[in-house]
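Trainee: I would like to learn how to read a structure step by step. Could we look at one together?

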Amino acid sequence: MNQRKRIIAGNWKMNKTREEATELSSALVSALSGQEDLPEIVLCPPFTSLQTVVEKTSLSPVAVGAQNMDWRDSGAFTGEISPVMLLDLGVKYVIIGHSERRQFFGETNTTVNQKLKAAIKHSLVPIVCLGETLDERENNLTDAVVSRQIAAALADIDATLLAELIIAYEPVWAIGTGKVCDAKEANRVASVIRKTVSNLYTGVDIGLSVPILYGGSVNPKNVDEQLAQPDIDGSLVGGASLKPEEFLPIIQAAQNRARLAASGT
Ligand code: PGA
């Protein structure tokens, strides 16, 4: 049976003022209080609301992640935020290589690798994103693209350092479009990613133990089918993470899956 952690992460992107972030995180914390069998829940607000959300979620089952970071500790890098600064705020997770960063902000497989190494060095839990564009999918390049992305992300990183790694498979064409990837197909790509990771390391099966999330137009209606797939361990949720009435049922779907697994069904 799948023993991997279940994780539901909300990527707020460039949304929410501090006041709105307070409202949303407080609503989630109070709705989740006292609940059992919860997945790991990670909220990723913009940098300006990290401190607020860390404060609102302290002593709750909710953890906080950043949406990006620089790989250097400090220095003359105007506009950047370092891993040291994230740790200083109480942040635990960091999204690395989101397709919007790759598409609009010059993120490359090389910078993803540098950031992953920095996250590991500072004990931040990395959520490494990868996925193909529509063009790549239509040209049957999906498997080659995700394999190349994950191999590049993991270059020169020792297996012993990957215990906390989380991977998010996010087909670019499914992000923010309402066009969700078919759950079985998402599962197939997740298993390709697992096999690629396994082939990169001999002796230890990181491919088998790494949690893989699906992301791209996840909503309360489609999430259960995704979470029912054997190689999908959770969700990276954008738009639907901005409203408690949509994000809470997604968390609940993971909770129900955990209960089903515990009862052996
Ligand atoms: P979406 O975004 O759920 O709005 O499609 C997902 C993501 O970008 O992580």
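Trainee: How many Å from an oxygen atom of the ligand does a polar side-chain atom of Glu-170 lie?

Mentor: Before the number, please note that this is a predicted model, in which local features need pLDDT of at least 70 and side-chain atom pairs count only at pLDDT 80 or more, while totals for chains, interfaces and linings use all residues. Residues are numbered from 1 along each chain as its sequence is written, and side-chain values use heavy atoms, with hydrogens and water left out. A polar contact here is a pair of N or O atoms within 3.5 Å, and the polar side-chain atom of Glu-170 lies 2.7 Å from an oxygen atom of the ligand. The side chain of His-98 has an N or O atom 2.6 Å from a ligand oxygen, and for Gly-238 a backbone N or O atom lies 2.8 Å from an oxygen atom of the ligand.

Trainee: Which residues are the closest of those that surround the ligand?

Mentor: A residue is near a molecule if one of its heavy atoms lies within 4 Å of it. Here 13 residues surround the ligand, and the closest are Lys-13, His-98, Glu-170, Gly-176 and Ser-217.

Trainee: What should I notice about the phi of Ser-217?

Mentor: Most residues other than glycine have a negative phi. Ser-217 is not a glycine, yet its phi is positive, about 60 degrees, and this residue is found in the loop between strand E7 (212–215) and helix H10 (223–227), where helices (H or I, at least four residues) and strands (E, at least two) are DSSP runs, numbered from the N terminus.

Trainee: Is Ser-217 buried or exposed?

Mentor: We call a residue buried under 20% relative accessible area, exposed over 50%, and partly exposed in between, with a 1.4 Å probe and protein chains only. Ser-217 counts as buried because its relative accessibility is 17%.

Trainee: Where does Leu-59 lie?

Mentor: Leu-59 lies in the loop between H2 and E3, and although Leu-59 is not a glycine, its positive phi is about 65 degrees. Leu-59 counts as exposed because its relative accessibility is 92%.

Trainee: Which residues of H2 are buried?

Mentor: In an α-helix there are 3.6 residues a turn, so residues three or four places apart point the same way. In H2 the buried residues are Ser-49, Leu-50, Thr-52, Val-53, Val-54 and Thr-57. Contact means heavy atoms within 4.5 Å, and what covers these buried residues of H2 includes helix H1 (18–32), strand E2 (40–44), strand E3 (62–66) and helix H3 (83–89).

Technical notes
Polar contact = N/O pair within 3.5 Å; in protein donor to acceptor, adjacent residues only side chain to side chain.
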